[in-house]
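Here is a briefing for a reader who is new to this structure. Look over the sequence and the model, then follow the topics below.

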Amino acid sequence: MVDAHETHVIVGAGLAGAKAAETLRAEGFTGRVILVGDEREQPYERPGLSKNFLAGSTPRAELFVHESPWYAAHEVELRLGSPVTRLDRGERAVELGDGTVLHYDRLLLATGSAPRPLDVPGIDLGGVHYLRRLADSERLRATLQTLGRENGRLVLVGAGWIGLEAAAAARHYGAEVTVVEPQSTPLYGALGPELGEFFAHLHEDRGVRFHFGASITEIEGEAGMVLAAHTDDGDEHPAHAVLVGIGAAPQTALAVAAGIDIAEREEGGGIAVDSSLRSSDPVIFAAGDVASVAHPLFGRRLRVEHWANALNGGPAAARAMLGQDVVYDRVPYFFSDQYDLGMEYSGYAAPGSYDHVVVRGDASKREFIAFWQGPDNRVLAGMNVNVWDVAGSIQQLVRSARPVDPDRLSDPTVPLTDL
């Protein structure tokens, strides 16, 4: 049903929010659409902030979801630089920081996630960075350029995707890089130790130093600037800048204060939504990083922080807001670019959930596909590294939930489509 008298408010002007607004109009909604964001920038895509934009190969203008005239042309009201401070479910209204009150008939929470803070002495020094917003990336890029010119040193706290992509950008500029990671390999939580070791070698070959099994206890500085990072095993790492990348937390404060159900920590801790992205309040939906979705394919809640989830989740939520029958069961997908390596990952295989990893191709040449299989030989996830046009087939293997012979899975002469 389309009602010209209804108002749909979207809180969060990122990719999920912008694509939801686009979809509302594309599906014929003629009512009022208001897109509220706490940044002053128009909606932009975040992958480039740690990849090509950070490395200087993509211009700023290419990050934005739509060109500026699009919003007025489609009668989407932008309220930028206006954080939402209160959600009143009884009145069906949100209040902005400037006191403006917006009433809604349907509400989408696409508030995203925020970097987890590092709580150690010295964290407030001028050379300490987090990376989440466009302004963060611009500031970090200027720092990396300076470090490269002056043979400066960067210490990265955390060897997740953000840390490794930033390490690749830093080496591109010529900066010296040390990564401190409490686990035994990079990407331990995302890929497990088998493939984490592969990424360690990739970066070590490019001159990156890793310090595994340790945590930062202090960032030493003088006159407001970074001098070194200290770890709990007594080591000291000289540094001119520090980037903290220890994960992200869903921004659920609005939902919590309004009494909306929140998922358990082991389910990602986001706003609990059903497979149509509807929250415990029937007129409030959530999409993107902040949503913990009851996923029909995996039989559990998943909170996915990657680009594809925002790209697809925003439109799915918009259709659900319009009363359409929506089942959001996308196979989780993300990609990364580091040096001359490109990869795509499809599926979900947390450490402890899989039985073994099968490799198809030559990992030593950095052209292969890795598959995570459960005890029943079901393919839980797959990652293609410098091998292209196979992500669709990998997702079909994950979706099928059928046992696959590991020997055939590892055999490059057997087409994936035959499996």
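Strand S10 (residues 153–157) and strand S16 (residues 241–244) run parallel and are joined by four bridges. Helices (H or I, at least four residues) and strands (E, at least two) are DSSP runs, numbered from the N terminus. This is a predicted model: local features need pLDDT of at least 70, side-chain atom pairs count only at pLDDT 80 or more, and totals for chains, interfaces and linings use all residues. Residues are numbered from 1 along each chain as its sequence is written, and side-chain values use heavy atoms, with hydrogens and water left out.

**The five-strand sheet**

- Leu 154 has Ala 241 in S16 as its bridge partner.
- S10 and S16 belong to an open sheet of five strands, in the order S9-S16-S10-S11-S12, with parallel pairing. Two strands pair if DSSP finds at least two bridges between them.
- Strand S9 (128–130) and strand S12 (209–212) stand at the edges, each with a single partner strand, so one side of each has no neighbour in the sheet.
- On average, neighbouring strands of this sheet are turned by 20° against each other, direction ignored. Axes are lines fitted to C-alpha atoms, for helices over the stretch in contact, and angles run from 0 to 180 degrees between N-to-C directions.

**The three-strand sheet**

- Three strands form an open sheet in the order S13-S14-S15, and the pairing is antiparallel.
- Its edge strands are strand S13 (216–222) and strand S15 (236–238), and each pairs on one side only.
- From one strand to the next, the twist averages 25°.
- S13 and strand S14 (residues 225–231) run antiparallel and are joined by six bridges.
- Opposite Glu 218 stands His 230 in S14.

- Strand S1 (residues 7–11) pairs with S2 in the parallel sense, over five bridges.
- Val 9 has Ile 34 in S2 as its bridge partner.
- From S1 the chain crosses through helix H1 (residues 15–26) to S2, and this β-α-β crossover is right-handed. That term applies if, with the strands pointing away from the viewer, the path from the first strand over the helix to the second runs clockwise.
- S2 also pairs with strand S3 (residues 76–79), in the parallel sense over four bridges.
- Leu 35 stands opposite Leu 78 in S3.
- Strand S2 (residues 32–36) is mostly covered, with four of its five residues buried. Buried means under 20% relative accessible area, exposed over 50%, and partly exposed in between (1.4 Å probe, protein chains only).

**Helix H1**

- H1 is mostly covered: 10 of its 12 residues are buried. Among them are Leu 15, Lys 19, Leu 24 and Arg 25.
- The buried residues of H1 pack against several elements, including S1, S2, helix H3 (69–73) and helix H9 (307–321).
- Gly 28 follows H1, and its phi is positive, near 95°.

**Ser 279**

- Ser 279 sits in the loop between strand S18 (271–273) and strand S19 (284–286).
- Ser 279 is buried, with a relative accessible area of 8%.
- The side chain of Ser 279 reaches the backbone oxygen of Ile 284 at 2.8 Å.
- A polar atom of the Ser 279 side chain lies 3.1 Å from the backbone nitrogen of Asp 281.
- Leaving aside neighbours within four places in sequence, Ser 279 is in contact (heavy atoms within 4.5 Å) with residues including Ile 260, Ala 272 and Phe 285.

How values were computed
A polar contact is a pair of N or O atoms within 3.5 Å; within protein, one must be able to donate a hydrogen and the other to accept it, and residues adjacent in sequence count only if both atoms are side-chain atoms.
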